[in-house]
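The briefing below goes with the sequence and coordinates shown here, and it is grouped by topic for reading alongside them.

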Amino acid sequence: MDDNFNVTYITFSGHVEVHKYRYLYFLIMFSVYILIICFNFTIVCLICIHRNLHEPMYIFIAALLINSVVFSTNIHPKLLIDFLSEKQIISYSACLFQFYLCYTLSGSEFLLLAVMAYDRYVSICKPLQYPTIMRKTTVSILLGVAWLLPACQTAVAVILSADMKLCILTLKGIFCNNSIYNLHCVSSRTLSIFGVIAVINAALFPLLFILFTYTRILIISYRRLNVRKKAAQTCLPHLLVLISFSCLCAYDIIIVRLGSDFPKTARFIMTLQAVLYHPLFNPIIYGLKMKEISKHLKRLICDVTY
């Protein structure tokens, strides 16, 4: 506690031998962060520039990639500062803000993946109605809901946490995630119930909806040979991203439940993978697996090379 300004500071205890490997950590994290920005914005720029990519599916992909960049920007700069600092600390208010962005963007990712699944369902199962259903207004509403719903839900959790008294000022992690609940003196029943409701709304319902839509697409593809190729080309990348992100979210929940039973080094490695791997995975998958994006990407690489 800083008495002069009445600011409470949280210490991150999840780093492993940061004083010994600080420059190596910094170099790896900085390099990956630059790659995340370059890879994601390259795909986003291609979608913006080329008119044949101005379709709902590609707009949703662009939104997902922007989501990944903002998520990385929420975590990476602070990690880079911590690697070069003697003490890895953060004010409680800044910690809550990082927590807010982290779970707002995570919820948005699930909802965007659900929106993309709905887009593929309409495109493959109701192709004649697709232009009527997926209009610009519909796309705008779906994007608005995907970003605003998690933002409002997470805001309530942050407001409830802000009023909680802290008894522990050491966070077992390297950034502010669900572990902040372990800092509270008393476990809040209201916060716990709301957390479950938020997870159901932002993760479970979208996940069930995605499974339902892809099951329907699978059934239609099995019956109609002419849509199998289209379904495989456009749905596979979404499924790979969904599986990757679901595994990372499951880890985030499990790590809080296990608490001190999870080895510090294993926790550190898994957390680094979560912040390094997934934001790079999205643009690589969509750049390689989406035919139209891949075509423009190859053309761009050839133009730069020659």
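In this predicted model, Glu292 and Lys295 form a salt bridge in which the closest N and O atoms are 3.2 Å apart. Both residues belong to helix H9, which runs over residues 291–305, and they are placed three residues apart, or about one turn of the helix.

**Salt bridges**

- Glu292 has a relative accessible area of 22% and is therefore partly exposed, and Lys295, with a relative accessible area of 40%, is likewise partly exposed.
- Side chains of opposite charge can pair when their charged atoms come close.
- Arg22 forms a salt bridge with Glu86, with 3.8 Å between the closest N and O atoms. Because Arg22 lies in helix H1 and Glu86 lies in the loop between helix H2 (56–83) and strand S2 (89–91), this pair ties together parts that are 64 residues apart in sequence.
- Arg22 counts as buried because its relative accessibility is 8%, under the 20% cut-off, whereas Glu86, at 61% relative accessibility, lies over the 50% cut-off and so counts as exposed.
- Arg120 and Asp119 form a further salt bridge, in which the closest N and O atoms are 2.8 Å apart. Arg120 is buried, with a relative accessible area of 4%, and Asp119 is buried too, with a relative accessible area of 1%.

**Asp82 and its surroundings**

- Asp82 lies in helix H2 and is buried, its relative accessible area being 1%.
- The side chains of Asp82 and Lys78 are joined by a polar contact of 2.9 Å.
- Leaving aside residues up to four places away in sequence, Asp82 touches Phe12, His15, Val18, Gln88, Ile89 and Ile174.

**Helix H1**

- Helix H1 covers residues 18–49 and bends by about 40 degrees at Leu24.

**Helix H6**

- Helix H6 runs over residues 189–223, and at 1.5 Å a residue its 35 residues should span 51 Å; the end C-alpha atoms are 49 Å apart, which agrees with that expectation.
- H6 has a kink of about 40 degrees, centred on Ile200.
- At the start of H6, a side-chain oxygen of Ser188 comes to within 3.5 Å of the backbone nitrogen of Thr190.
- Buried residues of H6 include Leu191, Phe194, Ala198, Ala202, Ala203 and Pro206, together with Ile210, Thr213, Tyr214, Ile217, Ile220 and Ser221.

**Annotated spans**

- According to the unreviewed UniProt entry, the annotation "transmembrane region" covers residues 23–49, 56–76, 96–118, 139–162, 191–214, 235–256 and 268–288.
- In the model, the span of residues 23–49 is 100% helix and 0% strand, with its end C-alpha atoms 38 Å apart.
- Residues 96–118 are also 100% helix and 0% strand, and the end C-alpha atoms of this span lie 33 Å apart.

Terms used. Residues numbered from 1 in each chain as written. Predicted model: local features only at pLDDT ≥ 70, side-chain atom pairs only at ≥ 80, totals over all residues. Heavy atoms only, no water. Bend = angle between axes of the 7 residues up to and from the residue. Helix = DSSP H or I, 4+ residues; strand = E, 2+ residues; numbered from the N terminus. Expected span 1.5 Å × (residues − 1). Buried < 20%, exposed > 50% of the residue type's maximum accessible area, 1.4 Å probe, protein only. Polar contact = N/O pair within 3.5 Å; in protein donor to acceptor, adjacent residues only side chain to side chain. Salt bridge = Lys/Arg side-chain N within 4 Å of Asp/Glu carboxyl O. UniProt positions renumbered as here; feature names shortened; annotations may be inferred. Contact = heavy atoms within 4.5 Å.
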